[in-house]
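Me: Please examine the following structure with me, one question at a time.

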Amino acid sequence: MFVGLCLPVGLVVANSRTVIGDAVAWWMLLGVFSLVAFVPLAVVGSLGASALRRARPWLGRWLGSIGATAAILTYASFVFSVVEIVVAPETRDPNSWGPVLTPGAAALVALPYAIGIAANTSVLVRLWLRSGTFTDPVHDGTKGASP
């Protein structure tokens with residue numbers, strides 16, 4: 001969805017040499033090449049979410065945890081690579097696809113991925129703090145419900 005929203009914005013600000021133009025270009029670049037990782041992560045997370053409501057909430061917890069952990073690692077690698085480009089720049093290839101990032105543009109590029117790290121960390125914490133609701137066979141996965 002994020003890549004899809006960046007495409008029309010990218011057409012408007014393409015080659016504008018502004019911070020937002022550079023950030024959108026990097027979001028599209030990272031987004032297109034990371035679909036290989038995000039599509040399976042979305043499938044695993046969706047299966048986990050649907051299993052939480054069914055007869056096997058323990059499976060949902062594990063699938064959700066795997067999906068959230070993999071997403072955290074993927075987002076963290078994006079943040080690291082963007083920060084590394086600014087902090088320790090290498091000799092730039094003249095045929096590079098991405099624009100040169102300023103520190104402000106790098107912060108803007110890393111922001112949605114940092115938010116993704118925080119959101120998935122929240123999911124992990126909430127999945128594992130609710131242990132009583134997933135293990136009580138009498139209440140079938142709902143806290144406070146009558147049998």
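Me: In which helix is the place of Asp-22?

Reply: This is a predicted model, in which local features need pLDDT of at least 70, side-chain atom pairs count only at pLDDT 80 or more, and totals for chains, interfaces and linings use all residues. Residues are numbered from 1 along each chain as its sequence is written, and side-chain values use heavy atoms, with hydrogens and water left out. Helices are DSSP runs of H or I with at least four residues, strands are runs of E with at least two, and both are numbered from the N terminus. Residues 19-52 form the helix that holds Asp-22, namely α2.

Me: Is Asp-22 buried or exposed?

Reply: Buried means under 20% relative accessible area, exposed means over 50%, and partly exposed lies in between, with a 1.4 Å probe and protein chains only. The relative accessible area of Asp-22 is 12%, so this residue is buried.

Me: Which residues does Asp-22 touch, not counting residues up to four places away in sequence?

Reply: A contact means heavy atoms within 4.5 Å. Pro-99 lies 77 residues from Asp-22 along the chain, yet their C-alpha atoms are separated by 5.9 Å. With residues up to four places away in sequence left out, Asp-22 touches Pro-99, Val-100, Leu-101 and Ala-105.

Me: How are α2 and α4 oriented to each other, parallel or antiparallel?

Reply: Axes are lines fitted to C-alpha atoms, for helices over the stretch in contact, and angles run from 0 to 180 degrees between N-to-C directions. Angles under 35 degrees count as roughly parallel, over 145 as roughly antiparallel, 65 to 115 as roughly perpendicular and the rest as oblique. The axes of α2 and α4 are 9 Å apart, and the two helices pack at an angle of about 10°. The orientation of α2 and α4 is therefore roughly parallel.

Me: How many nonpolar residues are in the contact of α2 with α4?

Reply: On the α2 side the contact includes Asp-22, Trp-26 and Trp-27, and on the α4 side it includes Ala-105, Leu-108 and Tyr-113. Ala, Val, Leu, Ile, Met, Phe, Trp, Tyr, Cys and Pro count as nonpolar, Asp, Glu, Lys and Arg as charged, and the others, Gly among them, as polar. Besides 2 polar and 1 charged, the residues of this contact comprise 13 nonpolar.

Me: What is the handedness of the crossing of α2 and α3?

Reply: The axes of α2 and α3 come within 6 Å and cross at roughly 165°. The two helices are therefore roughly antiparallel. A crossing is left-handed if the near helix is turned anticlockwise from the far one by less than a right angle, and right-handed if clockwise. The crossing of α2 and α3 is left-handed.

Me: At what angle do α3 and α4 pack?

Reply: Helix α3 covers residues 57-87 and α4 covers residues 103-129, with their axes 9 Å apart. The pair is therefore roughly antiparallel, and its crossing is left-handed. The packing angle of α3 and α4 is about 160°.

Me: Where is Thr-18 found, and what is its relative accessible area?

Reply: Thr-18 is in the loop between α1 (2-13) and α2. Its C-alpha atom is separated by 8.7 Å from that of Ala-105, 87 residues apart along the chain. Thr-18 is partly exposed, as its relative accessible area is 33%.

Me: How many helices does the protein have?

Reply: Of the 147 residues, 31% count as buried. From the N terminus on, the elements run α-α-α-α-α. With 0 strands, the secondary structure comes to 5 helices.
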